[in-house]
Amino acid sequence: DATDHKDKYFEHGADAIIIGEGEITLGETLDAIFGRSDADLAAIPGLATPATPNPVSRGFEKHLDSFPFPAWDLVDVPRYKKIWMDRHGYYSMNIVTTRGCPYHCNWCAKPIYGQRYNVRSPENVAQELKWLKVSYSPDHIWCADDIFGLRPGWIERFANEIERLDTHIPFKCLLRVDLIKPGVPEALKRAGCEIVWVGAES
């Protein structure tokens, strides 16, 4: 929302807004704020300020496996789990395997990634699921991607790796109807998928 409407955020007192992917920009911004670097905030790529509302853009990271797994250790997981159990009777965590979507559905906002699509390797995602299973024992996983397993053969490789690691966790994901080719439902089932949400493409 801030990427789409940064002027309104500045009008209401925001000092800075990260545009696009945030990890590297956020790190550089915090280093500058806390004196770990001499960088001028106005010169940090991807960081908009009232003085520089249209900053130099930061390139998109194509190699998503280079990022560490999410810092769940910073979350009060027992409280998170209790809320899920109280509200739904089971305990779900989420993962993200991709960034962006190449399609042009007219109801979808694209302020962060545009029409780009980058994906983690199926092996990397399966390793994250194994880590979550061992560390936090979730009952369920919500794959929070705009679109799951778009690349041909990705879902099949993912299912193979889940079986190899014996790390099945029931999950749900979002796909397009026209991507559910022969073999895909079977691979999703092998990987542990219980629900596939499909969008109304436009």
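Read from one end of the sequence to the other, the chain runs α-β-α-β-α-β-β-β-α-β-α-β-α-β. That pattern comes from 6 helices and 8 strands, taken as DSSP runs numbered from the N terminus (helices are H or I with at least four residues, strands are E with at least two). Keep in mind that this is a predicted model, where local features need pLDDT of at least 70, side-chain atom pairs count only at pLDDT 80 or more, and totals for chains, interfaces and linings use all residues. Residues are numbered from 1 along each chain as its sequence is written, and side-chain values use heavy atoms, with hydrogens and water left out.

**Overall build**

- Along the principal axes, the C-alpha atoms fill a box of roughly 55 × 40 × 30 Å.
- Of the 202 residues, 36% count as buried (buried is under 20% relative accessible area, exposed is over 50%, partly exposed is in between, with a 1.4 Å probe and protein chains only).
- Take the contacts (heavy atoms within 4.5 Å) between residues at least 6 apart in sequence: 64% of them join residues at least 24 apart.
- The chain exposes about 11700 Å², and carbon and sulfur atoms supply 55% of that; the areas come from the Shrake-Rupley method with a 1.4 Å probe, and for residues only the protein chains shown count as cover.

**The largest pocket**

- The largest pocket holds about 490 Å³ of space.
- Of the 20 residues lining the largest pocket, Glu23, Pro70, Val96, Arg99 and Arg120 are the closest to its centre.
- A pocket here is an open set of points on a 1 Å grid over the protein atoms alone, with protein on both sides within 12 Å along at least five of seven lines; a 1.4 Å probe fits at the points, and lining residues have an atom within 4 Å of a point.
- Grid points are joined across faces, edges and corners, and the volume is the space filled by probe spheres set on the points.
- Strand 3 (92–95), strand 4 (98–100) and helix 4 (122–136) each put at least two residues into the lining, and strand 4 gives the most, with 3.
- By class, the lining has 9 nonpolar, 5 polar and 6 charged residues (Ala, Val, Leu, Ile, Met, Phe, Trp, Tyr, Cys and Pro are nonpolar; Asp, Glu, Lys and Arg are charged; the others, Gly among them, are polar).

**Two buried strand residues**

- His140 sits in strand 6 (residues 140–143) and counts as buried because its relative accessibility is 9%.
- The His140 side chain makes a polar contact with the Ser92 side chain at 2.8 Å (a pair of N or O atoms within 3.5 Å; within protein, one must be able to donate a hydrogen and the other to accept it, and residues adjacent in sequence count only if both atoms are side-chain atoms).
- Asn118, in strand 5 (residues 117–119), is buried because its relative accessible area is 12%.

**Loop residues**

- Ser137, in the loop between helix 4 and strand 6, has a positive phi near 50 degrees.
- Asp166, in the loop between helix 5 (154–165) and strand 7 (171–175), has a positive phi of about 50 degrees.
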